Amino acid sequence: MVVPIIVRSPAKINVQLSVGPLRADGYHELISVFQAVSLNDVVTASEGSGVSLSMMGEGAESLPVGDTNLAVRAAHALAQYAKVDANVSLHIEKSIPIAGGLAGGSTDAAGTLVACDALWETGLTRDQLAEIGAQLGSDVPFALFGGNAIGRGRGEQIMPVLGRGQFHWVFAFADEGLSTPAVYQQCDRLREADEVPEPYVSDLLVQALRAGDPELLAGALHNDLQPAAISLRPSLRTLLEAGVEYGALAGMVSGSGPTCAFLCRDSEHSIDVAVALTATGMCRTVKRGTGPSPGARIEQ
C-alpha cells in the first residue's frame with residue numbers, strides 16, 4: 001500500500017496589488033507583490049479510485065467537493081498532463097478562510113498538484129506544475145513557489161523577490177466573504193471617469209522586503225482593490241482604522257477582501273494587536289501569522 005502524501009500549502013497576501021485597465025479578454029493587467037504567510041491548508045492524497053474529495057475545518061461545509069472544486073480540477077489536470085490515470089482520494093484540512101482574499105482555493109489546488117505528483121510519481125518540476133496551475137487560477141503558481149514574488153499578467157507570471165527577515169501579521173476574518181468578480185467590477189465602476197494607469201511595482205516596497213524592515217514596508221503597502229472592497233463592505237474601513245488605533249504599523253484589505261491584514265513590529269506586538277482586535281467584536285476571528293513562508297511542500 002502506498003503511503004499517503006501530506007502537503008502543507010500557504011495562504012498569500014498581496015503586499016501590493018496594482019490593477020491596470022480592463023483588457024479586451026475581460027481580465028485586468030495586474031502587477032502584484034505576493035507574500036506567502038504561515039496560515040496553511042493541509043492536503044492529504046491517498047490511493048483511490050477516480051478522484052474523490054473530503055474536507056474539514058474553516059468553511060469546509062460550504063464548499064463543493066465535486067468537479068467544480070479547484071483541488072479536484074487540479075488532480076484531473078495533472079493526470080491529463082502526465083498521461084496517468086486520475087485515481088486519488090483527497091482530504092483537505094482548511095485553516096484559510098474561504099472567499100477571504102487569501103487564495104485558499106488556489107493554495108488547495110497547488111497542494112493537490114504537489115501531492116498527486118508525488119503519489120503518482122510523475123516527476124514533474126515546479127515549473128511544469130506551475131504551468132498546469134496557471135490554467136486553473138492566477139494565484140496557483142505562486143502558492144507552489146511561496147516566499148516573496150512579483151506576479152505579472154493576470155498574476156500567474158511569477159518572479160521571486162529576495163528578502164530577509166520575517167514579517168509579523170495579524171489577520172481579521174469577516175463573517176461573510178466577498179465575491180472577487182464583484183470587487184473587480186466595483187473597482188471598474190469607481191475608476192470609470194479616470195484614466196487608469198498601467199500597473200507598476202513599488203521600488204520602496206521591494207526595498208522594504210529586501211531589507212526586512214516592517215516600518216518601511218508599512219509605508220509602502222498598497223491595494224488598488226481596497227476602495228472597491230470598502231465601498232461594498234463599509235465596515236472594513238472601521239476595522240482598518242481600529243487596527244491602526246490599537247497599534248498596528250499599517251492595515252490593508254488583503255486582495256479582494258474581506259480579510260484585513262495588519263502589519264506589526266514583532267511577535268509580541270502582534271499578540272497585543274490580535275488581543276485588541278478580538279476584543280472589539282468587529283470580526284469573526286483573528287489569527288496571527290508570519291511571512292514569507294515556503295510554497296506547497298510535502299511534510300517529512
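Predicted model: local features only at pLDDT ≥ 70, side-chain atom pairs only at ≥ 80, totals over all residues.

1. The N-terminal end of helix α6 is capped by S202, whose side-chain oxygen lies 3.4 Å from the backbone nitrogen of L204.

2. Helix α6 covers residues 203-211, and its buried residues are L205, V206, A208 and L209. Viewed down the axis of α6, these buried residues fall within an arc of 155°, so they line one face of the helix. The general rule is that an α-helix has 3.6 residues a turn, so residues three or four places apart point the same way.

3. Which exposed residues does the face of α6 turned away from its buried side carry? They are D203 and R210. Here, exposed means over 50% relative accessible area, whereas buried means under 20%.

4. Several elements take part in covering the buried residues of α6. Among them are the strands β1 (5-22), β2 (28-46), β5 (148-152) and β7 (167-173), together with the helix α7 (214-218).

5. The chain just after α6 also deserves a remark. At that place G212 takes a positive phi of about 65°.

6. The largest pocket holds about 1100 Å³ of space. It is lined by 42 residues, of which S106, D139, T180, P181 and S256 are the closest to its centre. Two or more lining residues come from each of β1, β2, α1 (70-82), α2 (104-119) and α5 (180-191).

7. Which element gives the most to the lining of the largest pocket? It is α5, with 5 residues. By residue class, the lining of the largest pocket divides into 18 nonpolar, 18 polar and 6 charged residues.

8. In the second largest pocket there is about 160 Å³ of space. Its lining consists of 13 residues, and the closest to its centre are A174, D175, R233, S235 and M282. The elements that give two or more residues to this lining are β7 and α9 (235-245). The largest share, 3 residues, comes from α9.

9. How do the residues lining the second largest pocket divide by class, and how many are charged? There are 8 nonpolar residues, 1 polar residue and 4 charged residues.

How values were computed:
Residues numbered from 1 in each chain as written. Heavy atoms only, no water. Buried < 20%, exposed > 50% of the residue type's maximum accessible area, 1.4 Å probe, protein only. Helix = DSSP H or I, 4+ residues; strand = E, 2+ residues; numbered from the N terminus. Arc of directions from axis to C-beta. Contact = heavy atoms within 4.5 Å. Polar contact = N/O pair within 3.5 Å; in protein donor to acceptor, adjacent residues only side chain to side chain. 1 Å grid on protein atoms, 1.4 Å probe; cavity = no way out; pocket = protein on both sides within 12 Å on 5 of 7 lines; lining within 4 Å. Points joined across faces, edges and corners; volume = space filled by probe spheres on them. Nonpolar A, V, L, I, M, F, W, Y, C, P; charged D, E, K, R; others polar.
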